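User: I would like to learn how to read side-chain features in a protein model. Could we go through some of them in turn?

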Amino acid sequence: MKHKIKLLSALLLTAVTVSSMSFLSFADEYDDEQSNNQSNYEDDSQSYGETYTDYLALEQDDSVGLTYAFGFSSPEHFTITASNKGIVSFDKEENYIKGIAPGQTTLTAKSNIDGGDTYILYVSVTAKQAQGQTYKSNYYMSEGESDSVENVFGLYDSTAYDYSSSNSSVATASLAQGAVFAHKAGSCTLTATSKYAGGDTYIVNLTVGGSSYNYTNKNVSVPKGDIVYLSDYVDGYGTDYDWYCDDTSIATVNSSGDAKGKAKGTVYIYAEDKYSNTAYKFKVTVTNSSSSSSSSSSAKNISYKYSYDIYLSKNDTVDLDEYLLSSSANNYTWVVDDTSVANVNKSSGVVTAKGNGTTYIAAKRSNDNVRFKINVASSYSTDELSLKVGESADLSDALSGRASNYSCTSNATKVVSVNGLEITAKSQGKTYLIIKNKSNDEIIQIMVSVSGTVLTTQKVVEKTTETTTREVEQKTTKTPVQSSKKNDVAFGDISHRDWAVEAINHMAELGFINGRSKYVFAPDDSCSKADFSIVLVKLLGFENNETSGNFADVNSSDYFAKYVAVV
């Protein structure tokens with residue numbers, strides 16, 4: 001019985017084992033089938049990438065963004081090829097496609113990722129079409145005249161063009177100055193060519209006629225980096241002329257006629273008198289060599305703001321501080337080239353003529369240098385004349401010869417105007433006149449002081465260097481004006497600020513402002529808070545008010561103390 005039970009148990013165990021093995025085998029087969037199905041599914045997914053096509057038209061030399069043309073955002077994930085490499089160029093990093101030559105090509109961008117998309121771009125490049133137009137016109141200028149390139153060519157933006165002339169001796173166009181310069185009578189063709197491809201071209205047939213100015217031709221040279229004072233070559237003063245240079249890359253000129261060489265070459269510089277038809281045409285040659293004779297420490301060669309010619313006889317004196325300086329003499333550093341001809345009192349600004357000849361005296365001050373050319377000879381004399389605004393004087397009555405033999409020029413026509421030998425006081429200030437005898441070397445220098453407004457006709461007695469007297473009738477040319485003046489002022493340094501002269505004089509006459517002295521206002525000096533307080537208190541009428549100021553940095557003895565205390 002025991003043997004039967006054991007046999008039955010063995011058979012049952014065997015059946016269970018076989019059944020388990022069959023189940024495991026079925027499970028393994030199921031897993032393998034699922035794995036194969038998954039593998040097949042993954043293999044099928046790799047074939048899902050799309051292909052896109054598009055078209056691009058370009059003009060030769062034009063370009064477009066690469067990502068924009070293809071329609072994707074990450075060019076680094078694609079490999080791009082061209083069927084015809086000579087038609088376009090492209091760069092993934094710079095992100096562009098550029099037309100190189102007329103023709104067609106196909107650009108193919110394949111994704112570097114399995115199953116990624118493909119982009120095909122059919123590109124057509126056409127030849128570049130010229131879009132610029134050519135405009136022709138005629139223009140007329142007078143010899144020595146200058147005009148803007150905008151006016152001559154009819155341009156809006158002159159800097160966008162290059163300029164040329166068919167005959168530069170007749171006229172030239174300068175981009176640096178934005179101007180056309182007519183050098184001499186004749187005709188030429190001026191061309192303005194756009195700096196940009198496809199831009200317009202302007203052609204001007206220019207005719208240069210005779211000038212209304214009577215030009216005097218002069219030739220001068222200047223080493224590169226040096227200055228030549230062209231005012232020394234003109235009649236009168238440099239500031240009486242308008243100055244023009246036709247090529248500022250070679251030389252420049254300022255309003256006083258100081259020409260500075262910048263680069264080797266030749267330019268023309270024009271000086272046209274503001275008050276007559278007198279003019280000069282300078283052919284300026286700039287050389288590479290440095291000047292060994294010029295000295296920056298000499299008075300003659302300083303860079304100046306104003307320049308004056310002074311005529312004296314031996315032992316004569318003239319007060320430059322009173323007439324020609326914008327600040328007190330002791331505010332300047334003085335330089336005299338030849339003290340045997342003339343010297344200057346550096347505290348007062350009075351020049352004394354020592355001996356016959358010519359020398360230069362310079363008054364140097366930051367941005368306010370003044371140069372004086374002192375001429376000393378026995379044929380020169382100096383007089384003084386006082387006028388009131390509106391008065392006239394006929395200088396012919398004071399001359400020894402025929403009036404027609406003399407000419408007269410004014411250093412500052414805004415202070416005193418000149419008509420022949422008759423002068424008229426225009427505004428308060430100081431100036432001087434130069435009267436020249438055309439038949440000999442006689443020169444008379446008249447220092448003129450113009451103060452308040454004329455009230456009556458009167459005669460003035462002038463004291464001359466010959467210790468004689470001259471009576472000059474002064475004629476009233478304005479209606480008498482009653483004025484409530486408090487101060488008699490005659491500032492000699494404000495005429496170049498013509499827009500402010502009337503206001504300055506009126507404020508000074510009423511006592512609201514004071515200058516550095518009776519004759520010096522110093523319009524370019526700074527104004528302190530203390531001085532401004534004085535003007536403000538006077539304007540408001542508070543100067544007699546009781547004060548109780550307590551500023552720690554104001555002493556009761558300070559000239560501005562009572563005014564600051566009111567503020």
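Analyst: What follows covers aromatic rings, charges over rings, cysteines, loop contacts and a surface patch. The model is a predicted one.

User: Which strands hold Tyr161 and Tyr202?

Analyst: Tyr161 belongs to strand β10 (residues 161-165), while Tyr202 belongs to strand β14 (residues 201-209), so the pair ties together parts that are 41 residues apart in sequence. Tyr161 and Tyr202 are both buried.

User: What is the geometry of the pair formed by Tyr332 and Trp334?

Analyst: That pair is tilted, with centres 6.3 Å apart and 55° between the planes.

User: Which residues form an aromatic cluster?

Analyst: Tyr52, Phe70, Phe72, Phe78 and Tyr119 form one aromatic cluster.

User: How many disulfides does the structure hold?

Analyst: A disulfide is read from the distance between two cysteine sulfur atoms, with a cut-off of 2.5 Å. The structure holds 0 disulfides.

User: Is Cys188 buried or exposed, and is Cys527 buried or exposed?

Analyst: The cut-offs are under 20% relative accessible area for buried and over 50% for exposed. Cys188 has a relative accessible area of 7%, so Cys188 is buried. Cys527 is at 55% and is therefore exposed.

User: Now the loops. Where is Glu143, and how far apart in space are Glu143 and Lys184?

Analyst: For such contacts, read the separation in sequence beside the distance in space. Glu143 is in the loop between β8 (134-142) and β9 (146-148). The C-alpha atoms of Glu143 and Lys184 are 5.0 Å apart, although these residues are 41 residues apart in sequence. Glu143 has 22% relative accessibility and so counts as partly exposed.

User: Where does Ala197 lie, and where does Ser83 lie?

Analyst: Ala197 is found in the loop between β13 (186-194) and β14. Its relative accessibility is 73%, so Ala197 counts as exposed. Ala197 and Gly132 are separated by 65 residues in sequence and by 8.0 Å in space, C-alpha to C-alpha. Ser83 sits in the loop between β3 (78-82) and β4 (88-91). With a relative accessible area of 57%, Ser83 is exposed. From Ser83 to Gln104 there are 21 residues in sequence and 9.0 Å in space, C-alpha to C-alpha.

User: Last, the surface. Which residues make the nonpolar patch, and why does Leu539 count as partly exposed?

Analyst: Phe532, Leu536, Leu539, Leu540, Phe542 and Val567 make a nonpolar surface patch of about 570 Å². Leu539 is placed in helix α6 (residues 529-540). Leu539 counts as partly exposed because its relative accessible area is 45%.

Key: Residues numbered from 1 in each chain as written. Predicted model: local features only at pLDDT ≥ 70, side-chain atom pairs only at ≥ 80, totals over all residues. Heavy atoms only, no water. Patch = residues over 30% accessible without salt bridge, like charges linked within 9 Å, V, L, I, M, F, W, Y side chains within 5 Å. Areas by Shrake-Rupley, 256 points an atom, 1.4 Å probe, with all protein chains shown as cover. Salt bridge = Lys/Arg side-chain N within 4 Å of Asp/Glu carboxyl O. Helix = DSSP H or I, 4+ residues; strand = E, 2+ residues; numbered from the N terminus. Buried < 20%, exposed > 50% of the residue type's maximum accessible area, 1.4 Å probe, protein only. Phe/Tyr/Trp six-rings, centres within 6.5 Å; stacked < 30°, edge-to-face > 60°.
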